[in-house]
Amino acid sequence: MKKKTIAFRFSTLAISIALGVMFLLPSLSFAAIDTIAVDVGISVFKTMPIGIVPFTEPKENIEWIEEKPHQILTRDANLSGRFEVVASDKFNLALFSRKHVKHYVTGKVTKQDGNNLRVDCYLYIAQTKDMLVGETYVVPQQELRRAMHKFFDLVIKRLWGERGVASTKLAYVSKMDGIKQVVVSDYDGYHRSQITRDTSISMMPVWMKGNAGLVYVNFKTHRPRLYFKKFGGVEQPLFPFLDQTYSPAVNPVTGELLFSSTVDGKTDLYIGNMSSGKARKFAYLKSNQTSPAWSPYATEVLFTSDRGGGPQIFVMGKDGSDMRRVTFMGRYNERASWSPEGDRIAYTSMDNGKMNIYTCALDGSDIVQLTNNAGNNEHPTWSPDGKLIAFASNRGGSYQIYIMRKDGSNVTRITNSGENTSPTWSFFYDDLD
Amino acid sequence: MMNKLFKIALVASVVGFALTACTTPEPPKTEPEAAPAPEAAAVQTEAPAAEQPVVNADSLAAAKAKEEAERLEAERARLEALINQIMSEDVYFDFDRSELTEKAKELLAQVAELLIKETRFSITIEGHTDARGTEDYNFTLGAKRAMKVKEFLAAYGIDAKRMESVSYGKEAPKAAGESEEAYSQNRRANFRVNIRD
């Protein structure tokens, strides 16, 4: 912890010195400006240009069943919301300079024994061709995409000093044979696997702490009830002594579960421990409460209350104290989700029967509408790095999962068939570095 | 009284028929099973009492047994008709509201009369919403609707122990599509009937 503080102070100092120097000496060499651009990139640039050059391949052709490495990296760069991709067949300094590309990625693919490919991946400084990251993966082609995700997260770490989300996952609901089932895929929609296989509806999946498994709702008892399933484990019912449990939200610090339970038509928030199976009422309020969401460090919770008639978003302390109303505009604001940076919330608002996604500050100010005029848009979930929001939309006819930047730009669809709804983004995977 | 009941049953069945006829033929598979099968089976289990003919007065006993069987069959059919009637009497709501409309109250009064007569019936009240809005909030809205129905029936004199309420939110629509027509059919509370012995 101490180390971190020192490092932060140092970089702040470095930036202010560098900025000072830049101001005094506008004709400073390119290389030095490179360094400045990297350090303060977050605040100076919305996106950072990056060059992507196809990897060299062996003379004996590889039969590609997957996209090629540079194609996977291009999609990662576009989805990340952090980069402006400048594609080039080969290293081209003139092009890169013109497009303000200070770094580029490329590599080399060679065939190994058996099915494996050896993939050498590099991040270079364009001007100097200094290598910033070099990494080698030996994988069968089916695992190439995930290897490229890993490399891309190293690129983000090196250029942004932050963790990327290329190796994270999404859980969502997918209709199969007309029945909603819970599925998990990589953040880009690939490598999908089915988690529930029930004859009754499964829905509302959220990630357990450490991405150990999922909590979700199932209707096998003819009533909505929470269950959890660790990956590779068996499904277990949660809090069977409570009636109609749903809207799960996992405490990111303790792993406890905050959720709604409806008894005799009244809906309240409860907090429960998944290992001990115990749960208690979280707050004693006259209104109905649902859709809880934790702040990044679990000190406060967002929730929806109908105390004013329709649904509006409120915030309170983790002990149920200090309740404040957050949303005031419009009559239907629901299912808030707290940004990992802690400063904003994303939520779904309904106007004239159409749902759209908004963000606002914690005091309800600075409202930004992210989606507009494109079907229904709902269920926003933040990427763990806080740069992106995944959501469900029927803008293309059927409900599919999309990813956009947190400002609403760069909308990309990541599922293609069937009906897919209710995405929730995983936490970071800790085994990465 | 009976006449009015009959009329409502008729209207309900016609509406029901019209609905199944004009919506997509594909059954809403996502809908959790609410089939009357278990209840009908429960009624049928009473029938076997009509066996064991007496050896000496063969014909007389046989006639009696037949009579008894017919009586039970008639009773079973009557109960089934009542159950079907209650299950077809959906109560509709306005958008994002859980208050009972005058029409809903009229219908519920009929259901209450039936429940007062048939004391062995217990019911599950299911609250539903249309497709608009979030899954989460629609669960609470469906729960509020089911509760309003339960409260009305309780005020009418039905023992709360005979009633259970559950919300399906927007997960079990009875009409498909995104029209106001479909929405208005889906904003409802409906009943499942169980028989206690």
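Predicted model: local features only at pLDDT ≥ 70, side-chain atom pairs only at ≥ 80, totals over all residues.
Guide: Two residues are in contact if their C-beta atoms, placed from the backbone, lie within 7 Å.

Visitor: What share of the contacts in chain A with a separation of 6 or more comes from residues 24 or more positions apart?

Guide: Such residues account for 42% of those contacts. Chain A contains five helices and 29 strands, and 44% of its 433 residues count as buried.

Visitor: How many residues of chain A are in contact with chain B?

Guide: In general, the size of an interface is often given as the accessible area lost when the parts come together. Here the description is by contacts: 33 residues of chain A meet 20 residues of chain B. Among the elements that give two or more residues to this side of chain A are strands E7 (179-186), E9 (202-207) and E22 (344-351). By residue class, the side of chain A that touches chain B has ten nonpolar, 16 polar and seven charged residues.

Visitor: What is the order of the strands in the open sheet of four strands?

Guide: The order is E17-E18-E19-E20 in chain A, and the pairing is antiparallel. Strands E17 and E20 (324-325) of chain A form the edges, each pairing on one side only. Between E18(A) and E19(A) there are seven bridges, and A:Phe303 stands opposite A:Phe314 in E19(A).

Visitor: Which helix of chain B packs on this sheet?

Guide: Helix H5 (residues 135-155) of chain B does, touching E17, E18 and E19 of chain A. The direction of helix H5 of chain B makes about 150° with that of E17(A).

Notes
Residues numbered from 1 in each chain as written. Chains lettered and ligands numbered in written order. Buried ≥ 20, exposed ≤ 12 C-beta atoms within 10 Å, placed from the backbone. Nonpolar A, V, L, I, M, F, W, Y, C, P; charged D, E, K, R; others polar. Pairing = 2+ DSSP bridges. Axes fitted to C-alpha atoms, helices over the stretch in contact; angles between N-to-C directions.
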